[in-house]
Structures are given as C-alpha cells and as structure tokens.
Amino acid sequence: MKKITIILTVLGLMLMTSCEEFLDVKPSNYANPETSIKTATDAKVAINGLMRKMTAADYYGRNFIIYGDAKGGDFAIRSQGRGLDYYYSFNHSASSGSGAGFWNQIYHNILQANNLIVSIQKIEDAGNGSALLSDYKGQAMTARALMYFDLVRLYGKPYNMNKESYGVPLVLELLEFTAQPTRASVEAVYTQILKDLSDAAPFLSKDKAATKGYLNYWANKAIEARVHLFMDNFTASLTAAEEVLNSGKYSLYSNTDWVGSWSTQFGSESIFELAIFPSEADLTTGSLGYYLLRNGKVTGAMGWFMASDYWIDRMSQDPTDIRWGIMERDESSTTRMGSSLKYVGGSAMTGDKASRSAVNVKVIRLSEMYLVAAEAALRLPTPDRVKAADYLNQIRKRAPALTPADETTVTLDMIIDEKSKEFFAEGLRYFDMIRLNRTIEFNDEFISPAVVITHRTKTIDRTFFKTILPISQNELDANPAIASQQNPGY
Amino acid sequence: MKKLIFIFLSVLFVNAGMAQTRVTGTVTASEDGSPIPYTVVLVKGSRGVGTNTDAEGKYSLSNVASDAVLVFSYVGYKTQEIPVSGRSVINVEMVTDALALDEVIVVAYGTSTKGTFTGAASVVKADAIRDVPTLSFENAMGGKIAGLQITTLSGQAGSTSSIRVRGIGSMNASNEPLYVIDGVPVISGNVTQMGIYTSSNVMNTINPNDIESITVLKDAAASALYGSRAANGVIVITTRQGKLGKPVINFKASVGITPSFATDNYEAASTEQQVELYYENFWNAGKLYEGMTDEEASTSALAQLNKRFNKHGYTFSAPDHTVNSLTIGGERAGQYFDWESELFRTAVYQAYDISVSGGTEASNYYTSFSYTNDLGRSVINEYDRITGRMNFGQKIGRFIELNTNINVSTSSQEGFNDTRALGNNYFLQSRNLLWGLYWPTDIATGLPWTARFGSYAYNPLYYNNEWENWSKTQRVFATETVTIKILPGLNLRSIFSFDNTQTFDHLYYSALHFNGSSLIGSVTENSTKINELLSSSTLNYNKTFGGVHNVSALAGWEVGKNNTDYMRSTGTNLATSELHTVATAGKLDANAYFWGNAMVSMLSRAEYNYNNRYYASASFRRDGSSKLGPDSRWGNFWSVAGSWRIDQEGFMDNVPVISSLRLRASYGVNGTLPTSNYGWRSLTSYSSKYMEQPGGGVSNIADPNLSWETSYTSNIALEFGVLEQRLTGSIEYFNRASKNLLQDVPISNVTGFGSTLRNVGEINNRGLEFELFGEIIKSGGFTWTAGLTASHVKSTVTKLYGGKNIIWYEPTGGDDRTKFIYTEGESTLAIYGREWAGVERETGLNLWFLNNDSEPDLSVDGRPATYDYTNATEVILGDAHPKLFGGFNTDLGWKGISLGLNFIYKLGGYTYDAAGKDVNDDGYYWERIMSLDAYENRWTPTNKDAIYPQRVAIDMEDVNQKSSRHMHPADFTRLKSITLGYSLPQTLLSKVKLSGARVYFNGANLWTLAAWKVYDPEVNEYGSRGWEMPIGKTYTFGIEASF
C-alpha cells in the first residue's frame, strides 16, 4: 500500500509538472493583443478592423446618419413606433432611449485606434518604424479625431455656445478595466482633435486611388475644415477646405452624373467613403437604405423616415433640381417625393455593388468642402463674398432654374439651404442647425393620424437640454465618477 | 424506502424430487406497493433451492413441499419467513428494515451505503420518475429532494428544466451542477448554435428509462472529490445494468396530450375591448394634451382606428363622441380572426421503449431502444428522438471485470423563438400583436397578407411556409470501465470515456420571407462537434481490522480534454425555392474554428469507521485547468466529514420508539471554474473583415489573474426514524461561503467594452433542509404514504472587492429584462429599480416614490413621491429568492392500484414580469394587444381605484422602467404530477404469458394555485417571466409490459 502511494505521488507530481503544456489550450480564432500588431501587415489588418467598426449600425452604418437628419427638421415620420423615432421625438432619458449605442460603439472604436497608435509607437520607439506603419498610425489618429468630433457633438454643448462645459472623456491610451474616466471640457476635446489631425497629416498618403475606403491626407484636411467651422475658426476652416479643393484630386459630379453617383462606389467626390460589403457590415432589411424606403416598397421596408414638408418646400424652389432624381414618392401620396434612394443605389435599387442593402456610406464628399469653404469665406473676419458666392454656385447649379448667387446676394441661409438639399439623409443637418444656433421646426403634422409629441415642442433650439444626449444609466452605474457630470436636465 | 439497485446471486433451480406443489406470487414493497424485482426466494432448509423475483416482482417455485417455509430477502427490507401451508399463491409485502440504512448509493468515484456515507446525498430512483412524460429526467424531479430547485425554462417540446442545488453559489460562472454519468463527468447544457430558436440540452440524449438511479451530492464531503467543478453540487446518474437471470423484456408505451397551458398567460382582452382601449387611448390624448372637445377627440381617435383597420375590412364610429357609442362596422364586422387557434394546437407526446436485460454469473447486459416524438403546442415546434443503449459487463477470470456502456442517440428539434422578438415569437404575437382585426388574407385582393401588420407582426400563416429551422443532435457516449482485483480489498479501477456530440443546425429563409428578402433567400448550416475524452484511474483499498476498524482509501488521477469543432456555411441568393441547401446558393460565406479546455487532477480519499458506529472521512483533490492563467490554474480542494450512528449505542436500547438516529457533519472546499474557456486571456478577434480583407481588433480587456471561485461548505444533519421506521426524516443545515466569485462586471464603456469577467466578491448561502416520510396506513393490502420536503436558503452577497455595488441584468432572452444589484448584505437576487407608487386616484397618473431628498411633487402613504420617474432614485425593490420551497408527495396503493400525487410549492419572494411592459402599456404602443388584466384594472374616470394608470397615446416611458410595478408575489403550489396506475393481476397475466403488465395515467401540471394569476408562477431561476413558451397541462396514458 505504502509503495503504491509513493508511486502514485511520484507519478502525480510528474503529471503536474509536465502537463502545463497540456493545460495551455489556446483559442483558434483569436490572437494575443499584445503581440497582434508587430508589422505593417498586422497594422493593416487592424486598420481594416477599425474601418469596419466605423460602419457599425450604431455609427456610420446607420444610426449616426439618421440622427443627424431626424433631429434637424429635414426628416419627418409618418407614424410612431416604427423604429428610431425617439431621435425625432427627443424621447431621451438616461434609462430609456439614451442612445448609448453611440457612446459604446465610438469608445470601442477609439480603443481600436488607441491600440493601433500605441502599438505602432512601440515599434517605432524600438527603431523599427516605416513609412507604411506611420501612415497607419496617421489613419488611426485621424479616425480618432473624427470619432471625438462626433462624440463631443453628441454629448457636449456646441463649442461656440459653451466650450468650458463638459465634453466627453478623453482617452488616448489603453485603459485598464477598472478605469473610471471623467469628462474633459468641450474645449479640451477640440484641442485634442486638432492635435491628432495635425500630428497625423504628415504621415498620410495623398494617393486617392490607393486609399479608397480609408482615411487619407485629404480626408484629414476635410475633417479639419469641418472641425474649424464648428469652432468658428473660419480662416483655418477655409484654408483646410481650399487645400482639398485646390488639390485637384477630387472633382464635383456633373449634373448628368449626380444621380448616377449613388449607384457607384468611390466616386470622384468621395473624400472619405466607408465600404459596406455583403456579409460584412450589411444590415440587410435594417440598413440605412431600407430605413429610407417607402413603407411596403419591398418586403421589410417600413418607411421609417422621409423628407419633411420644409425640405420639400426648399427643394421645390426648383422643380428641375437634379437632386429630385434620387427621390421617390413616399407613402403619404402618389406625388410627394419624400423618400430618398441614396442608400439603395437609386431607383434600380441595385446599390453600388449589386446589393440593395450593402451600400457604402459617403462620409465626406467634395460638395461639402465647397459649402464649408463658402460659409467660412462668408464669415471671415473680413468676409470674402466673391469666394463665398463662387463656391456656393458650384453646388447651387444643381438646381439649374435658380439664379446663381453673387457677391451681393450670397447669404449664410443660401449656403445652409444648399447644404440641406445636397446632403439630405447624410447626417449633417442637425449639427449645422445647432452650431448656427438656428431654430429647428419639426413637421409633426405629417404624422397621420396626428399624435401628441410630448418630449419636445414643435420648434426647438440649442437651449433645449435634449439637444445633447444623456450619459446612459449603464455608464452611470458602472462609472460612478461620471455620475455627477450628467448633462443638465437629465 | 427505496429498493436496491444491485443484484444478488441467484440460486439455480434444482429439481427436488419430493416436491408436491408449485407456488407463485408477487413481492411488493409495503411503502408504495411497487413490485420488488430480484428478491431472493429460498426454501428454508433446502440448500440451493430457490429463485429470484423478476422485474415485476413475480416469482414461481415448482415442487415445493406443502409444509415448507419460504424465505424472502432483499437488502433494505426485513427478511420474512412464510409457511406455505398448502397454498399455491403467496404474495408478500416486504417491510423496510428498521435500520435500512445500508441502501447502496452511488457516490463520487464509487459506491457507499446510505447509513455509512458521511456526506449529504439524496437519491431518486427510477421508479419515482418513470411515469412522468419527460424527455429528460430533470423535469420529473421537482419537489422530490430538499435543497434542489428545479426551474422550467420553456414549455417548448425539447426543452429541459434546470437544476440548482442549494441556491446560487456563483454570480456569473455557471450555477449548473456537475453531471456525472456512469462515473464520467459530462458536458451539460445547450449544444446548438441556433441561439433563439432551438436550445437543445445535451441531457436530452439520455433516455430517462435507462436511468437506474440519480444521486444528488449536496455538500462538500460528498462532492469535493470532483473538486473544481463541484461547488454547485453534483448529479450522479447511473444507468441500468442487466441482472442475473433469464432475459427480461420490458416494453413501455405512452401517449400524452397537452390541449392547453397550465395557467393563464397574459390572456388578451377581447377584440372589442382592444378597440375600446385604442379609442380611449387617443381620445384621452386629444382631451388631456391637446385641449380638444369630445367631438374633436373622438374624430382623432376614430381617424386612428380607421387608418389602421379600414384595410382589414372594419370601420369605426362613435356618434355621441365617446366610447359608449363606439361601434365596429365594415365588411368583416362581427368576425374576428382567431390567431391563437391557428398558432397553437393540442400537443401530442409519444414515447416507446423496449429493453432487454439479463445476466449470468460471468456477464450481464442491458440493452434498450426508444423512440420519442413530441409535437409541441406551437405549430412549428417538434421534437423527435431515438436512443439506443448497450450496457455490458463481463468478468474475466476471478480478478478482472470489464464494463462497457454505449449510448447512442439522435434527435431533431424544430423550434420556436422564445425571446422577446416581434417578428417570430408566436406566443408573444398571439398575446401582444396579432389583433382579431388582422386577417391572413387581404380583404381587397383575396391574396395572403404579406406586409407587416401595423403592430409589426407578420402574418405567420403565410411566412411559416417560407422558413424552416431545425437542429439535429447525435451523440455517441462510450465508457469502458476496467476493474482489477489486485489483492483482497485492493482494486484498481480505470475508466476511459469517449463522448462525441454532434449538432447540425439548419436555418432557411426563402426570398419571400422578410428575413430573406434582401438576400434573395438565405440558408445557414452549422455543424458543432464536441469531443470529450476522459480517463481516470483510482486505486481502492478496503480492510477491516480487528473486526471493528473498517478502513478504506482511494487514490488516483484523472485527465480530461474537451474540444469543440465548429463550422458554419451560409448561402444567400438561392437558385430556387424548391431546394433549401447551401449548394444552390449564388453567394457563399463560411466560418470554422475550434475551442476547448483541458484538465488534470489527482484525487484521494480515506474513510474509517469504528464498528459501524463512528465514521470519519477525508478527501483531497488537486485540479489544474486550462481555463485559468498559469499563475492561478492549480487549485486544492478537500473535505473532512464524520458521522455517528447514535442508534447503535447501547443507551438507545431504552428508547424503542427511535428506530434509527444518525448525526453527521462535514466541512470542505470546492471550486467553480469560469464558463468561458479563455476568460483570463485578452484577445484580438478577426471577425471584422473590411472590403473582403481581414480585419481585426481588440475584443476584450481580460483579467489575467482570474482565479477559481472557491466554496467553503459546512453541513450538519440529523437523520432519524421512529416507530419501526414508519416515520423517517432528516433535518440538515448547511452554510456555503463562496469566495472570488466570477462576474461579468459592467465597466465604463469608455474603456471600449461594457463588461469584463472578474473575481468580484463573496456570497453566502445557508439554509435548512427538511425531509419527512411516513407510512400513514399499512394494513390489509392498503398502503398510504406521504413525504414532504422543505428548503429554506438564504443567499446573500457578503463582500464585494473594492466595496463597489454591481448592477447586472438577467441574461435570459438577451433583453436585460430584470435588473439586479449586488450590494453587501443583500440578497444575490436583489431586484433593483425605481419604486412605483401606483396611480393617482384623481388623475390616473403614474406615481413614483422619490427615495431621495429632492423636492417631492406630492406624498403617497406619507412618503415623498413624484410624477416624473426620472426624479426617483433606484433602490432595492425585493428579493427573487423564495423563503421556502419544496414538494409534497403522497402515494396510495391497494391491490395493484396505485395513486400518486406530487405537489411542488414556493413561498415568499417576488417574480418579475418581463412581458408586462408589452401587454400592459400606458398607451404608447397603441397598436399592440393589451391583456385582460390591463383592460380590467386600468384607470378610467369610472374606475378610480385602479391598479394601472390611465392610457394616453403619448410616448410615456413609465412602464418601460425597471420598477416595482412589474413585481408580483411568487407564492404558488402546483400539482406537478398525478399518477394512477393499475398492475394487472398475475392470474390474468399468466394466461397471456406476460410476467407483468401495468397501465397508468399521468397528469402533469393539472392544478395550480398562485398568488399572482396573470402568468405561470413557475418561473426561471432569476424569478422572471417573459415571452418563453409556457408549460401545459399534459394528460398521459401508458402501458408497460414485461415478458
């Protein structure tokens, strides 16, 4: 017995020591993050991952675009309860309709960008950097700048309203799971955005053809132009926008090509376009395209959002406006052209790659740079009205029946209206209205039969507390440090 | 008392020349009248003359002298000597031995007897579950063992119940007990990748009729030998072995029908009432929020109704502009479509079993084959299973014994979405979305209605034909046990097992289906292969010294490896609606990878008893697991225990009323591993491909120092029997302190993730368990017995590392349906949310208790309250754990007729209504069906003492808050099963050459008494009720025959 016990013990001890290897069972579909970015090829894979995550439903894949229009007065809803109508009705509180998907998704993406930046920095610090690696680092920093820009506009007060107020937590490193970050000021976030953009710019590729679906130097400049506009830095905004305009890399769609551009990927205007391929970020019947289709037009189309009367009136200034070509009748009548086909590839509904729902999202188009330049020129300390009119007219000519602007007639309203017409359903309107401290009117009468909207009044402006989102209850629960920094009113 | 599982040596027939008569008869157990197979029947004084009873308890002895005396013996029962006295039929009722504590029970790595085992173990024998129509044994165990909580997850065909032993010992690692089949720890739980549709529990692959006994190991002494997997208890399943004797063929057939649910489940108000609610909803909105006149409000409400339902053939009018004159007209006026009868049917359950078993001195065998088909109540729910088993034992020479058990099963399940999904959960649709005003055919065209209805339901009668889902599970489970008798008292036992479970899932949507339309049809096939290899070897030593010192020891090791291979192929853009395979697809997409874990253990146990009076035992196990990092993967688990047979003491001779008395106590440590294989590793995933190129990203932030959960359990029990064991019972106290509990803790999303797995705190479970069994009447062939089990478990969070509260959500259904908080000193199921203060009597508005110091709007019951829920602070609202739960069983027997009733009960605590926000909305989701409860109890000017607020068609969010509004008392009792059986008399059977025959009726869930009647009170382990398919009332008829 004793012998056997000894034998067993010895055997057991041998087993214990030799079986560490047996017990090291590794996953087959995951890698170790500490070692997963070692080369430029690895970094490319991570950049792909980051771009893909930017196409998530909670970000550019759908909701962020809808958000920018549903709240800006250009969208109307026909019926409540179809989906995302709480954006429209401002039915937000920390515990329901918080819109936390933005917060969660964008911070998840920022983590990916931070991981790339930190990992590449490590390789560079070890003396193994390369131009390619720096380019990827630049892309990650530019992406991070864009994401903070989006976050701070969702959760923070406008820069030109109160830049000392709370922005969003500013995270540039990889965090431990125990971290409880608190909010930085709006100003601090904007400062970081500009720093990321300027740090990144020198590394980025200027080769348009090689960067389809990714961020390049021109996208970086275009974002910079946008950001400066939101900070009322008109000189800087104009400089950045003009660098893009004057690069000659991009060209405006002609009036004959404009409608067709919605059934092509990476057109001549696309400065930053996120690719959505089938079985990647394709949301199928929940895609952006489906959200804008007429109720019942195809199976699964519920007619979530359509144009408001105000937008239709604005467009009706010129019945020959070529942009009517992407519109189709909505469910309210046989003639009201309220339904946009931008994200299904136009009336053929074959998308930009033979799929009705896997359609790219054009995040920044050249047309926007013209209108940014126009506005910046107009609002310079010494306005350059000639330039403003000239830039505006490049876009305004898409409504051929309208008289072109000139230095005497050009106004900010004309530029903003043009932006509304050109970028319908592209997620810009609301942020412009808030930035410009405009009153937003909602086409609530269009809801048929009428229902009562109780969470906001028919018209709002940026003094209304719900123009920015609440920090969600889940975040407050998990991160008590931020609890005292909830947006006022919630 | 229970009958034995092991056989005795049979005694061969010897023809004695002096015989004069043939004696036959049946041997039954006095406590329940059930037959006792393998009772040894000997002729006294005639060495070697005798027989065994067969499976039906029948025996036959030829050539017995008329003055002979027959001796009937069976372990656990008193041996009886009965003079033949010239009779030819002698039926014997065996009475349990006053000290029948030597019943053999299967425990960790071996067997023990009830009276000597020092741990807490309870046994359920096959007989106790045999009549319940069930796919898997768990469903039949409710209320039979103290400390065991069985919860039903779904009423779908193919679903099984879950078992919790002694409360919740884990936060977010599994609370599943470890299942051990024939000595082999096995996988448990769901094995499909189908998520919402078919959740196929691997336990379904074991035919309950193949089970001989189930032992539940509850305390550390009983379970610590299973070390790191045993903290939540161990369920040890032993399958049948062949018994010595002639081949016995058993046949069993049963058919059950389930025409209705067991209780009301959110019964909808009538169509007219729905229309009334709809009108009232908008009428109120117009009047209260837009300052309309009655006429304007009525016009607005009618416009809504007409807009929604004109297209379905209805018109609406209200001449006096109030609800009083509301009438429904139109082409289809007066007719409403009955969706419920189209979506639900009478469920039919059929099961057929045949088994053949037998044995000789050298070998024994048990083989079985079964077929089970269960057509669920939902028209798309079906389950089908075939199982086969071969258990074979062979002795080779005197020292070696081989046992091979092979179980093969194949099952298929076609399911039903049990989650809160508007598109395809038919139970939800019938109660919340499909109006009687909707019709499956379009009144305008006569064609099927294919558009989404206004409530967002689709026409299921059309779409049912445009999709399909099923999972097929095949399992081969083979175990080889070699026992070598090295020396007297010293055995080596090695078990090798191979367990292969393969699941094939299929999900198809045609191009016409709303889920397949954008892809022009899609089909997905998943293949999951789980391979588990396990080898254990133990050396066992038993010896008695000096007649009174009994010693046994065990030492050994165990190595296990589990690997799952997963493959998915998806095809879209399908060529033809005729063919539903990936092969026809225009676009292909695939995925394949594998995962797994490994474990190495060494184990040992020593037991000692002095003169069968004082018992002591100790065990030790060391486990290493791949689920933890190198620095924390090894854990030591141990236990000590002792017991004292007080009744064996001399001083007890003076207390004749007490026939048995035993005290036992134990203390030990065991553990729980994380559920996830790689929880300690931070990972980069490559699932984010972009533009058809690989894409990756960080997919979690892990804690590399993640460690075992460890439980420290003490247990003390008193077992007693009085009045010659007419009344037996036990009372048991346990205290389980669990440390380093794992939890997917919500973390700040700013980190990039919403949660991470961590060791976060400590839980204490302590409680009392009480079991009582009595033979109330036992005379003249009439027996009446009754048993009661009761358990009280207090489950408390004792410590949170860092002191921070953790808010978490119930995982069921994936929709965060119940919110809980872990906070020191509170229950492990402390429901968290805002405290609803009911409805204001004069206005019908929602009221909320503030629970903070801000300025109140008003006061309710003397407490500060508000109209605006956002001003109210969240607090702990109640406990989802019951105060007391258990069962009550009673059996009556008379001449082959038996009646058994099995009740379960639960007292105290709350259930959380996760569907109430859907069927009892405040008016925002106006085109949804409301429950009768909502209709009857809502506030109206004529019903001011209402429970629920006034309905107004504005988007109020009050109802969507996690709040006490959705909590209801959990108390209920249910007649879980009633069985009426009749064993045909031998005289009749012998004419048709049957050795036994029995017919029975079983009724399941026939009667329920509940404190809250809106939904089925038998809820899941989190105490919540959502849109899972409810269970039904099942009526089963069965026959059993043996040859």
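View 1. B:Ile731 is partly exposed, because 16 other C-beta atoms lie within 10 Å. By this count a residue is buried if 20 or more other C-beta atoms lie within 10 Å of its own, exposed if 12 or fewer, and partly exposed in between, with C-beta atoms placed from the backbone. This is a predicted model, in which local features need pLDDT of at least 70 and side-chain atom pairs count only at pLDDT 80 or more, while totals for chains, interfaces and linings use all residues. Residues are numbered from 1 along each chain as its sequence is written, and chains are lettered from A and ligands numbered from 1 in the order in which they are written. B:Ile731 sits in strand β35 (residues 727-746) of chain B; helices (H or I, at least four residues) and strands (E, at least two) are DSSP runs, numbered from the N terminus. Which residues does B:Ile731 contact, leaving aside its neighbours within four places in sequence? They are B:Ala717, B:Leu718, B:Leu768 and B:Phe770, a contact being two residues whose C-beta atoms, placed from the backbone, lie within 7 Å. B:Leu663 is 68 residues from B:Ile731 in sequence, and their C-alpha atoms are 9.9 Å apart in space.

**View 2. Strand β39 of chain B, between two partners.** Strand β39 (residues 819-822) of chain B is covered on both faces. B:Lys819 and B:Ile821 are buried on one side, and B:Phe820 and B:Tyr822 are buried on the other. As a reminder, side chains in a regular strand alternate between the two faces of the sheet. Strand β38 (residues 806-809) of chain B pairs with β39(B) in the antiparallel sense over 4 bridges; two strands pair if DSSP finds at least two bridges between them. Strand β40 (residues 830-834) of chain B is joined to β39(B) by 2 bridges, also antiparallel.

**View 3. An open sheet in chain B.** The 4 strands of this open sheet come in the order β3-β2-β5-β6 (chain B), with antiparallel pairing. β3 (50-52) and β6 (80-83) of chain B are the edge strands, each with a single partner strand, so one side of each has no neighbour in the sheet. From one strand to the next the twist averages 20 degrees, with axes fitted as lines to C-alpha atoms (for helices over the stretch in contact) and angles running from 0 to 180 degrees between N-to-C directions. Strands β2 (residues 40-43) and β5 (residues 69-73) of chain B are paired antiparallel by 4 bridges. Within that pairing, B:Val41 has B:Phe72 as its bridge partner in β5(B).

**View 4. Where chain A meets chain B.** The contact takes 78 residues from chain A and 72 residues from chain B. Elements that give two or more residues to the chain B side include α3 (271-289), α4 (294-309), β26 (522-545) and β27 (549-574) of chain B. Which element gives the most to the side of chain B that touches chain A? β28(B) does, with 10 residues. That side has 33 nonpolar, 28 polar and 11 charged residues (Ala, Val, Leu, Ile, Met, Phe, Trp, Tyr, Cys and Pro count as nonpolar, Asp, Glu, Lys and Arg as charged, and the others, Gly among them, as polar). Strand β1 (residues 30-31) of chain A pairs antiparallel with β32(B) over 2 bridges, and A:Ala31 has B:Thr684 as its bridge partner.

**View 5. Covered elements inside chain A.** Strand β7 (residues 361-365) of chain A is mostly covered, with 5 of its 5 residues buried. Strand β3 (residues 270-274) of chain A runs antiparallel to β7(A), joined by 4 bridges, and A:Ser270 has A:Arg365 as its bridge partner there. For context, chain A has 17 helices and 9 strands, and 56% of its 490 residues count as buried.
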